[in-house]
Amino acid sequence: MKQKIIVRHTRSTDIKPLVELQRRVYPEIPSWRKDLLAHQLEVFPQGQIVAERDGELVGAASALVVLWDEWLEGHNWKEITAHGSFDTHNPQGRTLYGAEVFVHPHLRGAGIGHALYRARRKLCKRLNLKRIMACGRLPGYHLYADQMPVDLYAQKVVWGDIHDTVLSFQLHEGFNFCGTVPDYIPEDHDSKGYASLIVWLNPRYDSSKPTRIPKGDVL
Ligand SMILES: CC(C)(COP(=O)(O)OP(=O)(O)OC[C@H]1O[C@@H](n2cnc3c(N)ncnc32)[C@H](O)[C@@H]1OP(=O)(O)O)[C@@H](O)C(=O)NCCC(=O)NCCS
């Protein structure tokens with residue numbers, strides 16, 4: 001029988017299993033510190049989401065709100081997330097910035113990532129934010145790096161000639177590719193440190209109204 005996926009806001013009791021799951025997802029990249037995850041929940045609890053199946057944590061998506069004009073000239077992951085603390089979160093901003101999304105390695109391709117992204121779009125609409133932006137990993141690039149520059153790799157993913165587990169997924173989720181970013185996460189060897197800048201525009205955004213961050217659950 002197909003087990004139901006529950007997507008909900010992250011709780012402090014999720015921090016330990018979240019760090020364990022992240023270690024399985026990225027064995028070569030240092031995982032989040034527990035105190036920084038706790039800080040994210042203090043700074044912007046509405047932006048922190050997990051997916052649960054049969055009581056077990058199977059995925060997560062975390063985000064903050066930023067003033068995009070402050071970052072558009074260039075940034076890396078550590079800068080825009082203040083080393084993962086989300087102290088750069090700005091409730092006056094209009095852009096929901098996706099800092100992380102991952103799914104248990106054994107449970108991919110079953111729609112958990114889609115459920116997390118659907119919840120993120122819902123969050124963007126509820127907060128009256130203009131868009132979601134993110135710098136996504138390009139984990140398939142290392143397989144092609146000796147054959148083509150990263151921009152051509154990403155274009156081939158957009159054209160449907162190469163499948164990248166992250167960028168192809170994000171394009172199917174309705175995001176647009178805006179270009180590549182070097183040295184985004186230098187420790188990410190699969191992506192050769194590169195990321196793809198992506199955007200999704202909120203069709204319900206009302207520019208006459210401010211960003212609205214309600215207290216409590218928004219999912
Ligand atoms: C990116 C990531 C979160 C996607 O999660 P996921 O749970 O596999 O996502 P989904 O299952 O919703 O979609 C993945 C693919 O499976 C397909 N799929 C989903 N449900 C399906 C089903 N029931 N039957 C067949 N295919 C299905 C989707 O169409 C999608 O195909 P696409 O890649 O061609 O678009 C996951 O690959 C991951 O954790 N990667 C490692 C961490 C990472 O790099 N995160 C990105 C940081 S920027």
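How many bridges join strand β3 to β4, and do the two run parallel or antiparallel? The views below come from a predicted model.

**View 1. Pairing of β3 with β4.** Strand β3, residues 56-66, is joined to β4 by eight bridges. The two strands run antiparallel. Within this pairing, Gly59 stands opposite Val103 of β4.

**View 2. The open sheet.** Seven strands form an open sheet with mixed pairing, in the order β1-β2-β3-β4-β5-β7-β6. At the edges stand β1 (5-9) and β6 (176-181). Each of these has a single partner strand, so one side of β1 and one side of β6 are left without a neighbour in the sheet. From one strand to the next, the twist averages 25°.

**View 3. The shell around the ligand.** The ligand is surrounded by 19 residues, of which Arg108, Gly111, Gly113, His114 and His172 are the closest. Two or more residues of the shell come from each of β4 (95-103), α4 (112-126), β5 (131-137) and α6 (167-172). By residue class, the shell around the ligand holds nine nonpolar, eight polar and two charged residues.

View 4. Gly216 lies in the segment after β7 (195-201). Is Gly216 buried or exposed? Gly216 has 7 other C-beta atoms within 10 Å, and a residue counts as exposed at 12 or fewer, so Gly216 is exposed. Along the chain, Gly216 and Gln46 are 170 residues apart, while their C-alpha atoms are separated by 7.2 Å.

Terms used: Residues are numbered from 1 along each chain as its sequence is written. This is a predicted model: local features need pLDDT of at least 70, side-chain atom pairs count only at pLDDT 80 or more; totals for chains, interfaces and linings use all residues. A residue is near a molecule or strand if its C-beta atom, placed from the backbone, lies within 6 Å of it. Helices (H or I, at least four residues) and strands (E, at least two) are DSSP runs, numbered from the N terminus. Ala, Val, Leu, Ile, Met, Phe, Trp, Tyr, Cys and Pro count as nonpolar, Asp, Glu, Lys and Arg as charged, and the others, Gly among them, as polar. A residue is buried if 20 or more other C-beta atoms lie within 10 Å of its own, exposed if 12 or fewer, and partly exposed in between; C-beta atoms are placed from the backbone. Two strands pair if DSSP finds at least two bridges between them. Axes are lines fitted to C-alpha atoms, for helices over the stretch in contact, and angles run from 0 to 180 degrees between N-to-C directions.
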